[in-house]
Amino acid sequence: MARPTAASPHVLDPATRRLILLLPAAFLAHDLGELAGNDELNRAARDLTRRVPVLAERALPHFTTSRAQATVAIGALAASMTVLSWRAARSTPRSPTMTAYAAVTLLLGAHILPHTAQAIALRRVPPGLAGGLTIALPYSVLMVRRLVRHGLVDPGALARAMAVGAVLLLPAVLGVRALGRAVA
């Protein structure tokens, strides 16, 4: 099989490739803010349990993490996003890898919605929300828009991948949190 050339429709343009590789940076712009404010977030969760006592004994352990636990979880997610970005930057348009990359990128942007709900419930701006709104969400929207507009991702395949990703998101988050608790 012939190696694709730069003019081939099977190769990403250099600008798109570089933008794809920025996914871990967009993720970290949001999650490093969360890490820096981890202690404040834990205090806010404890304050919420004082207002809603039924949450205290059941939910609080699931909503609080130590800085070490959060670091392990964020590191695992960042490593996964780095591998996915690297693979997507080397993949062909409309490939399953490119579709998975686009779905993860959209989920990164969409997960700002629970943080917004968190801000309302906690009655304060949670750490990471500013980075999410100013970097992660715009990156997500603009990147996926570019991929769809340039025909690099099939919208139907992306919708299916988003549905699967949305179902797997909670177990994935709980899994990296469990990893953080086990390692740290």
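Valine 144 lies in helix H8 of what is a predicted model. With a relative accessible area of 7%, valine 144 is buried, because buried means a relative accessible area under 20%. Leaving aside residues up to four places away in sequence, valine 144 touches Ala102, Thr105, Leu106 and Leu158.

Helix H6 covers residues 96–110, and at 1.5 Å a residue its 15 residues should span 21 Å, which agrees with the 21 Å between its end C-alpha atoms. Several residues of H6 are buried, among them Ala102, Thr105 and Leu108. What covers the buried residues of H6 includes the helices in the table, and helix H8 is one of them.

| Helix that helps cover the buried residues of H6 | Residues |
|---|---|
| helix H1 | residues 14–20 |
| helix H2 | residues 23–36 |
| helix H5 | residues 67–89 |
| helix H7 | residues 112–122 |
| helix H8 | residues 129–149 |
| helix H9 | residues 155–183 |

Turning to the whole protein, there are nine helices and zero strands, and reading along the sequence gives the pattern α-α-α-α-α-α-α-α-α. Buried residues make up 39% of the 184 residues in the protein, while the protein exposes about 10,400 Å², of which carbon and sulfur atoms supply 69%.

Notes: Residues are numbered from 1 along each chain as its sequence is written. This is a predicted model: local features need pLDDT of at least 70, side-chain atom pairs count only at pLDDT 80 or more; totals for chains, interfaces and linings use all residues. Side-chain values use heavy atoms; hydrogens and water are left out. Helices (H or I, at least four residues) and strands (E, at least two) are DSSP runs, numbered from the N terminus. Buried means under 20% relative accessible area, exposed over 50%, partly exposed in between (1.4 Å probe, protein chains only). Accessible areas come from the Shrake-Rupley method with a 1.4 Å probe; for residues, only the protein chains shown count as cover. The expected span of a helix is 1.5 Å times one less than its number of residues. Contact means heavy atoms within 4.5 Å.
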